[in-house]
Amino acid sequence: MGLIHLELFATLDLVGQAPGGPEEDPAGFRFGGWQAPLIDEAVGAQIQAAYEGTDALLLGRRTYDIFAAYWPHQKGGPDNEIATLFNSIPKYVASRGKPDLPWDGSTQLGPDLADAVRELRERHENIKVVGSLDLVQSLLRERLFDRIDLWLHPIVLGAGKKVFEDGAVPTNVKLLEPPVASSKGAVYLRYGLADGVPATGDMSAPDRGLGSAD
C-alpha cells in the first residue's frame, strides 16, 4: 500500500495560508508570500529532497490551479528538477465542482474523497500532498496520511487559515528523524503517523520529580 505525505509550511502560530505569494489566496489575507523572505539554501535543498521518489500529486483545487499555471513553464529553469518530476507524474485533484484540468496527467477524484484516496494508495507508492489546506483537513479527519513534513517559520501572523483546524482529530505521531534548522530560523520536522490517540497524565506524579519538595 502506498504512503501519503503531507508537505506543510507554517508560521509559529501554524498559519499555512498562501506561503508562496500574494496571488495564492488574496481574499482578505494580506500576508501572502510570507515564506519567501525566509527561504535559504538549507530550506531549498530539504524541500527538493522531500520530493524524491514521489510518483503522484494529490492537490486541492486552488493549489492545483497555481501549480498548473507555473510548473509546465519551468522546464530548463532553476527549478527544472522539480518541474520535470511534477510534469511527468499523475496529478489528482479534489474538487466539488467541475474544474478545467489543463495540466497533462491530471484527473479529478470522485465525490467520495476517502474512498478515492484509499484507491490511490493501491496504485501509487509515494503520494505527495502540497499545501491544499482544505484537503488536508479532510485527510486529517480520516487519518488518511502516513507522514507530515512540517516547516515551521519564525514569524507570527495572528490571522489566516491554519494547517490544523477543524479537520484534525486526536492522533499520535512520532518524530522520524532529527529536526533540521535553517540559517534564517525555519525548522523542518518530519513526523509519521503512530498508533493510538494522545494519552494524558499527571505532571506531579512522584516518578516525574515535579512534586513538592516537602
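Two strands count as paired if DSSP finds at least two bridges between them. Helices (H or I, at least four residues) and strands (E, at least two) are DSSP runs, numbered from the N terminus. The model is predicted: local features need pLDDT of at least 70, side-chain atom pairs count only at pLDDT 80 or more, and totals for chains, interfaces and linings use all residues. Residues are numbered from 1 along each chain as its sequence is written, and side-chain values use heavy atoms, with hydrogens and water left out.

**View 1. The hairpin of strands E8 and E9.**
Strand E8 (residues 180-181) runs antiparallel to E9, and two bridges join them. Valine 180 stands opposite tyrosine 188 in E9. Five residues lie between E8 and E9 in this hairpin, and glycine 185 in the turn has a positive phi of about 95 degrees.

**View 2. Strand E9 with strands E6 and E7.**
Strand E6 (residues 147-153) is joined to strand E9 (residues 187-193) by six bridges, and the two run antiparallel. Here leucine 150 stands opposite leucine 189 in E9. Strand E7 (residues 173-175) also runs antiparallel to E9, with three bridges between them. In that pairing, valine 173 stands opposite leucine 193 in E9.

Side chains of opposite charge can pair when their charged atoms come close. A salt bridge is a side-chain nitrogen of Lys or Arg within 4 Å of a carboxyl oxygen of Asp or Glu. By this rule the count is ten. Arginine 190 and aspartate 149 meet through their side chains in a salt bridge (2.9 Å, N to O). Arginine 190 lies in strand E9 and aspartate 149 in strand E6, so the pair ties together parts 41 residues apart in sequence. Buried means under 20% relative accessible area, exposed over 50%, and partly exposed in between (1.4 Å probe, protein chains only). Arginine 190 is buried at 13%, and aspartate 149 is buried at 0%. A salt bridge also joins the side chains of glutamate 177 and arginine 190 (3.6 Å, N to O). Glutamate 177 is in the loop between E7 and E8 and arginine 190 is in strand E9, 13 residues apart. Glutamate 177 is partly exposed, at 27% relative accessibility. A network of salt bridges links Glu7, Lys128, Arg147, Asp149, Glu177 and Arg190.

**View 4**
The side chains of glutamate 119 and arginine 123 meet in a salt bridge (2.6 Å, N to O). Both residues lie in helix H4 (residues 113-123), four residues apart, about one turn of the helix. Glutamate 119 is partly exposed at 35%, and arginine 123 is partly exposed at 48%.

**View 3. The largest pocket.**
On a 1 Å grid over the protein atoms alone, a pocket is an open set of points with protein on both sides within 12 Å along at least five of seven lines, where a 1.4 Å probe fits; lining residues have an atom within 4 Å of a point. The largest pocket has a volume of about 1,500 Å³, a volume being the space filled by probe spheres set on the points, which are joined across faces, edges and corners. Its lining has 48 residues, of which Thr63, Phe67, Val130, Gly131 and Ser132 lie nearest the centre. Helix H2 gives the most to this lining, with six residues.
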